[in-house]
Amino acid sequence: MRKIFFTAGPSRLYPTVSDHIRDALRDDVLSISHRSQKFKDIYKDTVDNLRKLIDIPQDYNIFFLGSATEAMERVIENTVETKSLHLVNGAFSKKFFKIAEQLGRKPEKIEVPHGKGFNIKEIKVPENTECICTTQNETSSGVQIPMDDIYYLKKKNPDVLIVVDIVSSVPNVTVDFMKTDMVFFSVQKGFGLPAGLGVLIVSPAAMDKAKLLFEKGNSIGSFHNFLVLEEYARKYQTNETPNVLEIYLLGKVCEDMLKKSIKTIRSATEKKADLFYNYFDKHPEFKPYVSGNKSRSLTMIVIETPGKAKEIISQLTDAGFIVSSGYGAYKENQIRIANYPCSSIEDVKNLIVEFRKLS
Ligand SMILES: *Cc1c(COP(=O)(O)O)cnc(C)c1O
């Protein structure tokens, strides 16, 4: 029996991926030079399709990296000389903060308890903050920051660059890129692709900051600093030999999603999230971890299952459904269910049927 993955990531593959991999093999995509015209055409298609799908402005750069974690490092290296501010509410936002420390910066953080959202109006941005780093969808806790809160921060602090991690909410989340400076994701979550590609979207203001730091003589990194990334992106190339297959697959899946329409995908995500939350809100034993619609992630449903996570995961696995355990310390007492575009409303209903059998 083929298992259906509702895991945080890597997750279920988008249904068309196996056909695209077959086509890639047939068309020599895995053997061509990354300096060839054929590669440049693939690169351009991918960037064009992604721009169209999630509405990225023409003057924002799209850079291909190895992972989302790499994007965190590149953001700090290129745009923070001394101080970044991190909104910390779980493992991934914590990691971002730590990377800034490891790079020798002096980051500050505003931390809320695990599972809780931020009161954005109360956030005081310290003087001389260069960058505010946010994790829009905290995959470890299932807490989301509404995009309007992020725009509010930018509006209140127009001279500070704003960074948004959308790894586990893309392509569902609607981002007004003009109100952000750096947005990043990797592809093994909502895009339903194999792991191994990160995407970083960079505003003209963030490019200017990288140039400024470079001209001052600061180190902004080497082969993946923003200036080198831009130089190659202009030629539809990368400096290093990239993950050509992934760049190809991302372009193809964006094309499939465009055919379906992003609107259809987003409204299905909402419907599926409603199915999950309605079911668990009424459940006698297992409750959603995050309370309040404002902070509840649509794409990462975290459920409290005190002492029973292992047992539930094993029973669901026997029925053909793979869900994730709670993150880190929450492993025994929570499960996480990804609600990515790959799963249909029918899949969600079938998973809920299995939950009914458990209790
Ligand atoms: C998975 C995840 C990351 C890390 O992604 P990698 O591709 O493993 O680097 C970062 N942030 C969030 C919110 C994530 O869910």
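User: What does it take for two strands to pair?

Analyst: Two strands pair if DSSP finds at least two bridges between them. Strands of a sheet pair through backbone hydrogen bonds, either parallel or antiparallel. Keep that in mind for this predicted model. Here five strands make an open sheet with mixed pairing, in the order S1-S13-S14-S12-S11. S1 and S11 (287-288) are the edge strands, and each of them pairs on one side only.

User: Which way do S1 and S13 run, parallel or antiparallel?

Analyst: They run parallel, and three bridges join them. S1 covers residues 4-6, and S13 covers residues 321-325. Look for Phe-6, which stands opposite Val-323 in S13.

User: And which way do S13 and S14 run, parallel or antiparallel?

Analyst: Antiparallel, with two bridges between them. S14 spans residues 334-338. Find Ser-325 and you will see Ile-335 of S14 opposite.

User: What about S11 and S12: in what sense do they pair?

Analyst: S11 and S12 (residues 300-304) pair in the antiparallel sense, over two bridges. Pro-288 stands opposite Ile-303 in S12.

User: Is S13 mostly covered or mostly exposed?

Analyst: Start with the cut-off. A residue is buried when its relative accessible area is under 20%. In S13, five of its five residues are buried, so the strand is mostly covered by this definition.

User: What does the radius of gyration say about the overall shape?

Analyst: Compare it with the value for a compact globule. For 359 residues that value would be near 21 Å, and the protein has 20 Å, so the two agree. Along the principal axes, the C-alpha atoms fill a box of roughly 65 × 55 × 30 Å. The secondary structure comes to eleven helices and 14 strands.

User: How do I read contacts between residues that are apart in sequence?

Analyst: Look at the separation along the chain. Of the contacts with a separation of 6 or more, 70% join residues 24 or more positions apart. Leu-30 gives a case to look at. Leu-30 sits in the loop between H1 (17-26) and H2 (37-54). Its C-alpha is 6.8 Å from that of Val-244, yet 214 residues separate the two in sequence. Leaving out residues up to four places away in sequence, Leu-30 touches Ala-24, Leu-25 and Leu-245.

User: Where are Tyr-236 and Ser-261, and what is phi at Tyr-236 and at Ser-261?

Analyst: Tyr-236 lies in the loop between H7 (226-234) and H8 (244-260). Its phi is near 55°, a positive value. Ser-261 lies in the loop between H8 and H9 (262-281). Its phi is positive too, about 85°.

Key
Residues are numbered from 1 along each chain as its sequence is written. This is a predicted model: local features need pLDDT of at least 70, side-chain atom pairs count only at pLDDT 80 or more; totals for chains, interfaces and linings use all residues. Side-chain values use heavy atoms; hydrogens and water are left out. Helices (H or I, at least four residues) and strands (E, at least two) are DSSP runs, numbered from the N terminus. The radius of gyration is taken over C-alpha atoms; the globule rule is 2.2 Å times the number of residues to the power 0.38. Contact means heavy atoms within 4.5 Å. Buried means under 20% relative accessible area, exposed over 50%, partly exposed in between (1.4 Å probe, protein chains only).
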